[in-house]
Amino acid sequence: MICTKCKRNSPDDAVFCCYCGKRIAPAPPKPRAGKRGSGQGSARKRGSTWTAVWTVSFRVEDGKLKQLRHYKGGFPTKTAALAYAANPPEMREVKLPTLSDYWAHYESASLPKLSDSRRMAHQIAWGRLKAIAHLPISKLTIQRLQDTVDAQTSTYYPAKDMRTVLSHLYDRAVAEGAVPTNLAPYIELPPLQEKKIQPYTKDEIVAFWTAYANGDTFVGYILLMIYTGMMPGELKNLTTAMVNFEKHEIVGAGLKTDIRKQTPIVFPELIEPVLHQLCDSTASRKGKVLDMNEDNFYAEFHNAEARCGVRDLKPYSCRHTTATALALDNVHLTVIKEIMRHSKITTTERYIHPDTMAMHEGINILGRKDMDRLKGET
């Protein structure tokens with residue numbers, strides 16, 4: 001084979017010239033660029049920019065299959081246009097927000113602002129919603145929500161907590177445009193079957209005092225709650241350091257609302273010896289006045305009622321007894337509101353339960369006054 005450069009003859013199978021090194025064999029053909037896969041779109045140059053072209057659907061027209069294409073121009077390079085055509089917005093997978101996505105925001109932003117009891121209730125409610133937590137909120141129906149609530153609980157308050165949590169999640173979803181409306185209010189709740197909390201009668205309070213005088217020291221906790229309006233949870237929080245015997249005040253044991261946390265719990269001189277005895281007898285290293293766990297307290301509370309021969313009422317009845325007794329002793333309602341540490345006077349009114357005897361005494365007073373007036377006129 002003759003070299004085109006030095007004109008010398010080299011063997012026919014030589015690739016390069018044996019004398020000057022120039023390539024004398026034909027160069028192999030360049031590999032052909034691979035074709036783009038079907039459905040990847042294409043690119044067209046228009047002026048100085050490139051336009052992406054992709055097929056969105058097909059239709060039959062005059063017996064022939066036709067493509068419906070979309071276009072988007074303005075790409076600086078062919079590569080950019082092809083990349084867009086291969087994955088246009090309407091072809092991309094859109095991740096729809098789920099209940100879990102909205103719960104994550106609610107848990108971090110709103111949940112910490114609630115009271116301990118409400119925060120716990122909402123966390124329990126969310127646990128009951130885990131069966132649908134992974135589903136897009138836009139795909140849920142009223143029936144699916146209702147079935148979930150019905151499957152998890154058959155009582156009013158747990159179902160109400162589930163509905164409340166769902167309502168918070170839906171409110172945010174509506175604000176972001178993920179759903180058109182809040183479906184939570186359409187969930188039907190089980191009927192409320194709640195017994196009205198009753199206060200202790202004067203005779204039952206006397207029975208408590210008698211038992212305490214006879215050495216039943218646990219009854220001291222019941223008397224303390226009756227004469228202060230403390231809630232069971234506040235009694236659980238109470239430490240000896242919170243008690244100011246000079247001012248007859250307890251500071252720092254309040255729970256739930258700001259006013260209950262900030263307003264001192266006042267106690268009368270009558271209960272001071274009982275409170276002294278409870279503080280002195282505690283064995284708690286942290287100074288807890290109630291040195292027992294919640295389960296043991298509730299069990300012992302009902303046992304104490306049985307020992308005293310009084311009705312089997314809830315510990316919260318002590319707080320209702322406080323308000324009722326104050327009202328029957330003609331303490332003004334606004335003063336009772338402050339003692340109970342209520343934010344609204346309407347709440348205080350729900351704590352007052354005059355018994356039948358008090359009703360008779362009240363109506364007889366009215367009758368005597370009218371009788372005296374009629375006698376005066378004659």
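A contact here means heavy atoms within 4.5 Å. By that criterion, residues 24 or more positions apart account for 54% of the chain's contacts with a separation of 6 or more. This is a predicted model, where local features need pLDDT of at least 70, side-chain atom pairs count only at pLDDT 80 or more, and totals for chains, interfaces and linings use all residues. Residues are numbered from 1 along each chain as its sequence is written, and side-chain values use heavy atoms, with hydrogens and water left out.

**Chain overview**

- The chain has 15 helices and 6 strands. These are DSSP runs, numbered from the N terminus: helices are H or I with at least four residues, strands are E with at least two.
- Of its 378 residues, 34% count as buried. Buried means under 20% relative accessible area, exposed over 50%, and partly exposed in between (1.4 Å probe, protein chains only).
- The accessible surface comes to about 23,400 Å², and carbon and sulfur atoms hold 53% of that. Areas come from the Shrake-Rupley method with a 1.4 Å probe; for residues, only the protein chains shown count as cover.

**Positive phi**

- Most residues other than glycine have a negative phi.
- N330 is a non-glycine residue with a positive phi, near 65 degrees. Its place is the loop between α12 (317–328) and α13 (333–340).
- R341 is not a glycine either, yet its phi is positive, at about 60 degrees. R341 lies in the loop between α13 and α14 (345–349).

- Is N330 buried or exposed? N330 is exposed, at 71% relative accessible area.
- R341 is buried, with a relative accessible area of 1%.
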